[in-house]
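I opened the notebook to record what I looked up in this structure. The entries follow in the order I made them.

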Amino acid sequence: MIRLAQLSLLLAAGLYAVLTLAGTSGDEPAVLALRTSIIVVSGLLCILRAVLLRGARAPWALFGAGIISYGLAGVYFSLVVEEPTGGAGSGENSIVSAADIGWLLFYPACYVAVILLLRQRILRFHPSVWLDALVGVLGVAALCSGITPWISEADPGDTATIVFGLIYPLADLLLLLLVVTAFGLMDWRPGQVWWLLGTGLGGFALADSYVLYLIANGGYTQGGLVDIVWVLSLLTPAFAAWQRQPWRRPARMSGWSVITVPLVLSVVAIALLVLGSTVDLPLVTVILAATTVLAALARAAMTFIEVQQLAESRALAHTDDLTGLTNRRGFLERLSQMEMNSGQGDSSALLLLDLDRFKEINDSFGHHLGDALLIEVGARISGALRPGDLQARLGGDEFAVLLEDADADAARLVAERVLQALSGPFEVGGMTLHVGASIGAALYPEHALDAQTLLQRADVAMYGAKAGRTGVGYYRPGAEVDTLLRLDMIESLRAALGTGQIEVHYQVKVDLGSGSPHGVEALVRWRHPTRGLLAPDAFVPLAEQAGLMRKLTIEVLELALAQCRRWWDGGVDMTVAVNLAASDLLDRAFPDQVRGLLHQYGLPPSALEVEITETTLMRDLVRSAAVLDELRELGVKIAVDDYGTGYSSLAYLQELPVDILKLDKSFVTRLEDGSERRRQKAEAIVRSTIGLAHALGLRIVVEGVDSASVLAKLRSYGCDLAQGYFLGQPRPATELTATLSALGHQDCAQQLTPTPAPAPTPMGPLRC
């Protein structure tokens with residue numbers, strides 16, 4: 001129906017154009033009725049758009065009301081003001097009449113409607129626009145009041161007629177300025193709605209001004225080409241209102257087009273004030289001009305405040321909310337500036353830093369403590385930098401440092417200082433935490449010629465450092481291939497968890513007193529679909545980086561306890577030892593998970609041992625102790641793995657609920673060192689450690705037993721348990737089960753007893 005109404009309007013406008021061009025007088029009742037109908041229906045279609053469709057109701061209602069007011073005023077003027085055709089005149093003698101009220105109402109309706117429509121296309125609509133409108137109204141009023149006396153003196157007559165004669169062209173000028181401003185704000189790509197609307201309003205202003213020029217010169221009669229333009233211009237809003245508007249990116253209020261209207265009229269007001277110093281102007285003109293300038297000054301003050309807010313917003317847009325450092329956006333812009341401003345021979349370095357195990361801390365203690373830790377980390381990094389170096393937090397636990405005028409040596413020194421600054425403990429939220437970091441370094445222009453590539457290659461170097469646990473990594477050509485492989489491995493591991501690709505192999509631990517197998521250690525393996533069986537070193541570090549250690553630990557624990565249950569059902573009462581990660585000790589819910597798994601498989605807590613490293617303990621000694629206490633109360637045995645290689649301290653042996661020490665194999669291998677001096681030191685360390693463990697009421701396990709002579713020495717030292725390749729390599733449960741079932745404890749003890757033979761004969765795969 002709307003399309004039919006629009007088509008009818010076009011046909012009516014075409015008919016009006018034909019009649020007008022044919023010379024039919026505009027005073028003819030039929031022509032007058034046709035023109036009035038076109039204008040009124042156009043306004044009604046705009047109002048109908050506001051009633052029937054949501055969105056932009058007010059501006060289209062204003063357009064419709066303004067157009068109808070203009071059309072009805074024209075009818076009043078033709079029927080009342082002018083002498084009716086062919087009859088006695090009942091019209092008014094003055095050209096100024098009540099019709100002017102209807103015509104003038106059209107302008108404020110259009111101004112407000114245009115501003116309201118523009119508001120929907122602007123990203124942020126500043127309140128200063130309303131001040132612009134006030135400056136425009138005051139400026140037009142000042143100009144009218146200032147010009148009127150001159151015209152009155154030159155052509156004495158009806159002053160009101162002269163004033164109204166001036167208002168129209170000035171109002172049209174303001175309307176044109178407003179349309180131009182709107183188009184400029186939208187970068188001259190406003191869309192179909194605005195092109196229709198702008199063309200119609202612009203055409204109306206030009207036609208109206210020309211008609212008033214003809215009236216002033218006594219040469220205007222209704223009809224003619226200008227009336228056709230007039231009618232068609234008032235017709236366009238009816239089509240613009242019903243156009244579908246595709247989504248467009250909001251424009252910003254920026255550029256000279258924003259201040260076109262207030263600037264022009266402020267200059268006019270100042271010119272009037274200057275003119276008033278030499279020529280007598282009416283008091284109202286001076287007051288209006290002064291008020292215009294004051295409004296313009298208020299607009300300038302508001303602009304200053306907006307610019308200040310914009311500067312603050314820009315600073316905030318480039319600042320990380322948490323740490324106060326530069327954020328990713330600001331850092332990338334600085335990198336781009338460095339790229340543009342660097343001259344030949346200039347060198348810069350980019351350091352990309354990622355915290356190790358931060359996700360474990362964040363997940364275990366909560367985001368509030370993780371945020372506090374990031375603030376402390378940012379402060380320590382800043383303290384290790386040179387003056388002028390730019391530090392940024394790119395997101396999460398990732399930081400970046402830009403070293404301008406720096407070569408590889410400078411990058412290395414700064415990276416080492418940063419690592420040193422982060423090596424100490426962090427006191428956060430009443431807790432002591434240790435975090436490590438991995439740093440990747442890339443040089444400009446040696447490694448990359450643009451900012452994005454430089455950042456990418458520093459990222460590659462950082463992940464290389466993380467994978468190799470080297471602390472600092474330097475980009476090397478071709479390293480991207482390793483990064484892609486690493487990312488592929490991480491995603492493959494993520495998909496492998498819970499699908500049966502994770503396997504557990506077991507290595508036996510032998511009681512050196514009785515010679516019988518005491519238990520087994522569960523060692524994880526990954527049967528990769530294409531790369532075969534992978535050892536822990538190939539994927540456990542990746543699991544730590546990707547935050548998958550918790551899932552991996554739980555899956556290994558489930559597999560180990562399920563196998564332990566099968567051994568117990570077969571009459572083999574084995575104890576299973578499972579290695580824990582730092583994330584397990586930081587999770588207060590972990591003991592409950594262990595309790596649930598033991599209950600699920602019907603095993604006593606004594607069937608499980610958990611092994612932890614000294615380094616893992618020292619990441620958060622207080623929280624780790626709390627988790628270990630719960631496991632100990634549950635009945636699970638606690639073993640310290642790789643003893644002697646981490647943060648060795650007798651204090652934590654007193655404070656923590658430890659049952660077993662596992663001496664690292666590096667000390668055992670030195671028992672057969674070719675140097676007598678080194679061998680004696682190794683023997684002293686092993687003896688003293690065994691004595692210390694026994695003095696503290698702990699049992700001790702020695703790893704890395706690979707020969708009968710080492711085994712004999714350990715027995716003579718009083719060692720409790722041993723494991724190593726001589727006693728049995730890690731094997732799947734299916735292979736180990738048959739050996740354990742067929743092996744009697746007495747036979748194993750005899751095998752372990754030293755004999756005159758040069759070397760004991762291995763007893764099957766177990767080699768016990």
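**Entry 1: F183**

I started with F183, which counts as buried at 5% relative accessibility. The model is predicted, and I kept that in mind throughout. I placed F183 in helix 6, residues 159-185. Next I asked which residues F183 is in contact with, leaving aside its neighbours within four places in sequence. The list reads W188, P190, W194, W195 and G198. I then checked G198 separately. It sits 15 residues from F183 along the chain, and the two C-alpha atoms are separated by 8.2 Å.

**Entry 2: the whole chain**

I stepped back for the totals. The protein chain has 28 helices and 17 strands. Of its 768 residues, 50% count as buried. I noted an accessible surface of about 35,700 Å². Carbon and sulfur atoms hold 60% of that surface. Residues 24 or more positions apart account for 70% of them.

In what order do the 5 strands of the open sheet lie? I read 2-3-1-6-7, with mixed pairing. The edges are strand 2 (390-395) and strand 7 (472-474), and each pairs on one side only. From one strand to the next, the twist averages 20°.

I followed strand 1 on both of its sides. Strand 1 covers residues 348-356 and strand 3 covers residues 398-404. They pair in the antiparallel sense, over 7 bridges. Two positions in strand 3 went into my notes: A400 stands opposite L352, and V401 stands opposite L351. As a reminder to myself, strands of a sheet pair through backbone hydrogen bonds, either parallel or antiparallel.

Is strand 1 enclosed or open to the outside? I found 9 of its 9 residues buried, so strand 1 is largely enclosed by the rest of the structure.

Helix 13, residues 367-383, lies across strand 1, strand 2 and strand 3. Helix 13 runs at about 15° to strand 3.

I turned to charged pairs. Side chains of opposite charge can pair when their charged atoms come close. The structure holds 21 salt bridges.

I took K509 and E609 to begin with. Their closest N and O atoms are 3.0 Å apart. Are the two partners buried or exposed? K509 counts as buried at 2% relative accessibility. E609 is buried too, with a relative accessible area of 3%.

K509 also forms a salt bridge with E611, at 3.8 Å between the closest N and O atoms. This pair links distant parts of the chain as well, with E611 in strand 12 and K509 in strand 8, 102 residues apart. E611 is buried, like K509.

Which residues make up the network of salt bridges? I listed K509, E521, E609, E611, K662 and E703.

For another case I picked R595 and D592. Their side chains meet in a salt bridge, 2.5 Å from N to O. Both residues lie in helix 20 (residues 590-601). They are 3 residues apart, about one turn of the helix. R595 is partly exposed, with a relative accessible area of 37%. D592 counts as partly exposed at 46%.

**Entry 3: a nonpolar patch**

I finished at the surface. Which residues form the nonpolar patch there? I found L4, L7, L10 and L11. Together they have about 420 Å² of accessible area. I looked up L11 in detail. L11 lies in helix 1, residues 2-21. Its relative accessible area is 59%; over 50% counts as exposed, so L11 is exposed.

Note on methods. Residues are numbered from 1 along each chain as its sequence is written. This is a predicted model: local features need pLDDT of at least 70, side-chain atom pairs count only at pLDDT 80 or more; totals for chains, interfaces and linings use all residues. Side-chain values use heavy atoms; hydrogens and water are left out. Two strands pair if DSSP finds at least two bridges between them. Helices (H or I, at least four residues) and strands (E, at least two) are DSSP runs, numbered from the N terminus. Axes are lines fitted to C-alpha atoms, for helices over the stretch in contact, and angles run from 0 to 180 degrees between N-to-C directions. Contact means heavy atoms within 4.5 Å. Patches are made of residues with over 30% relative accessible area and no salt bridge: like charges are joined within 9 Å, nonpolar side chains (Val, Leu, Ile, Met, Phe, Trp, Tyr) within 5 Å. Accessible areas come from the Shrake-Rupley method with a 1.4 Å probe; for residues, only the protein chains shown count as cover. A salt bridge is a side-chain nitrogen of Lys or Arg within 4 Å of a carboxyl oxygen of Asp or Glu. Buried means under 20% relative accessible area, exposed over 50%, partly exposed in between (1.4 Å probe, protein chains only).
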